[in-house]
Amino acid sequence: MKVTVVGAGAVGASCAEYIAIKNFASEVVLLDIKEGYAEGKAMDLMQTASLNGFDTKITGVTNDYSQTADSNICVITSGIPRKPGMTREELIGINAGIVKTVSSNLIEHSPNTIIIVVSNPMDTMTYLVHKSTNLPKNRIIGMGGALDSARFKYRLAEALEAPISDVDGMVIGGHSDTGMVPLTSHATRNSIKVSEFLSAERLEQVAADTKVGGATLTGLLGTSAWYAPGAAVSGMVQAIACDQKKMFPCSTYLEGEYGLNDICIGVPVILGKDGIESIVNIPLSDAEKAHVQASAEGVTKTNGLLDL
């Protein structure tokens with residue numbers, strides 16, 4: 001099992017670290033355009049192998065895509081990160097060119113790969129990979145929903161004053177501050193709906209805090225977060241590599257599901273060895289349907305900025 005991570009910045013390095021620590025891949029290739037940067041990150045990570053008990057080989061390369069050949073899964077994190085006050089959509093001009101070039105280079109050397117897109121604006125970058133490559137749609141996956149759901153569960157556990165292992169919840173819709181749809185009506189604590197424990201007002205606050213989770217961290221850190229995004233990617237990669245058939249909300253190309261067409265947006269999917277093995281249709285309230293529709297309109301508007 002060979003995994004390539006493009007972009008050796010904070011997010012990419014965290015992806016490589018978490019994948020290696022889980023010890024299911026034989027090799028992780030970390031690629032960056034900055035001379036020596038990926039090599040340095042890889043060496044630093046490899047020097048933790050005996051301490052963290054993993055045997056995964058981590059290889060760093062400078063812009064040499066031949067070293068990524070025959071990768072089973074490729075993760076694209078490259079592009080400029082958010083700065084305080086920026087929206088994910090403001091990154092589109094620069095990141096679109098980067099993602100298009102990167103995906104083309106990856107497919108040239110690994111035509112059977114599965115691509116996970118992390119670069120922002122994530123739903124639009126996932127759509128771009130669909131429109132600019134010949135990969136089947138099950139092999140192009142956007143990461144956002146897994147991360148947003150982790151942030152949702154963090155806020156739910158905080159509000160419930162409960163251990164996070166007690167809590168389950170999901171965020172669908174677009175990976176943006178306004179587009180996320182935290183499914184509070186489906187959220188549970190040990191299979192009991194959280195509405196049994198929290199008021200409607202408190203749940204609204206949980207949803208609001210979830211939606212600005214990335215912006216909150218960007219304001220505190222001065223750049224995008226990296227630990228939780230890296231963990232979200234590693235969970236998805238492991239589900240595919242180990243054929244776990246796990247359910248994640250992921251950005252995927254829709255052709256009528258949830259009443260949406262010609263768009264990549266977050267919905268629940270089953271991840272296994274073939275990438276997205278199925279899209280899961282869950283019942284939504286009228287309010288949730290309206291929020292998903294509004295989110296889709298926002299993503300479509302951003303997609304319109306692409307030079308396809």
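View 1. Ser-119 has 3% relative accessibility and so counts as buried (under 20% relative accessible area; over 50% is exposed and in between is partly exposed, with a 1.4 Å probe and protein chains only). The model shown here is predicted: local features need pLDDT of at least 70, side-chain atom pairs count only at pLDDT 80 or more, and totals for chains, interfaces and linings use all residues. Residues are numbered from 1 along each chain as its sequence is written, and side-chain values use heavy atoms, with hydrogens and water left out. Look for Ser-119 in the loop between strand S5 (114-117) and helix H5 (122-132); helices (H or I, at least four residues) and strands (E, at least two) are DSSP runs numbered from the N terminus. Leaving aside residues up to four places away in sequence, Ser-119 touches Ile-76, Thr-77, Ser-78, Val-99 and Met-125, where contact means heavy atoms within 4.5 Å. Asn-120 sits in the loop between S5 and H5 and, at 15% relative accessibility, counts as buried.

View 2. An unreviewed UniProt entry lists a "binding site" made up of Gly-7, Ala-8, Gly-9, Ala-10, Val-11, Gly-12, Asp-32, Asn-95, Val-118, Ser-119 and Asn-120. Of these residues, the lining of the largest pocket includes Gly-7, Asp-32, Asn-95 and Ser-119, among others. UniProt positions follow the numbering used here, feature names are shortened, and annotations may be inferred rather than shown by experiment. A pocket is an open set of points on a 1 Å grid over the protein atoms alone, where a 1.4 Å probe fits, with protein on both sides within 12 Å along at least five of seven lines; lining residues have an atom within 4 Å of a point.

**View 3. Strand S1 and its neighbour S2.** All five residues of S1 (residues 2-6) are buried. Both faces are covered, with Lys-2, Thr-4 and Val-6 on one side and Val-3 and Val-5 on the other. S1 pairs with strand S2 (residues 27-32) in the parallel sense over five bridges, and Lys-2 stands opposite Glu-27 in S2. Two strands pair if DSSP finds at least two bridges between them.

**View 4. Two nonpolar cores.** The largest nonpolar core has 55 residues, and Ile-116, Ile-141, Met-143, Met-236, Val-237 and Leu-271 touch the most other members. A second, separate core of 24 residues includes Ile-76, Ala-96, Met-125 and Ile-140. Such a core is a set of buried Ala, Val, Leu, Ile, Met, Phe, Trp, Tyr and Cys residues joined through side-chain atoms within 4.5 Å. Not counting residues up to four places away in sequence, Val-237 touches Val-3, Ile-19, Phe-24, Ile-73, Val-75 and Ile-116.

View 5. Two bridges join S7 to S10, and the bridge partner of Asp-168 in S10 is Thr-188. Ser-191 lies in the loop between S10 (188-189) and S11 (192-193) and is exposed, with a relative accessible area of 65%. The C-alpha atoms of Ser-191 and Asp-168 are separated by 8.1 Å, although these residues are 23 apart along the chain.
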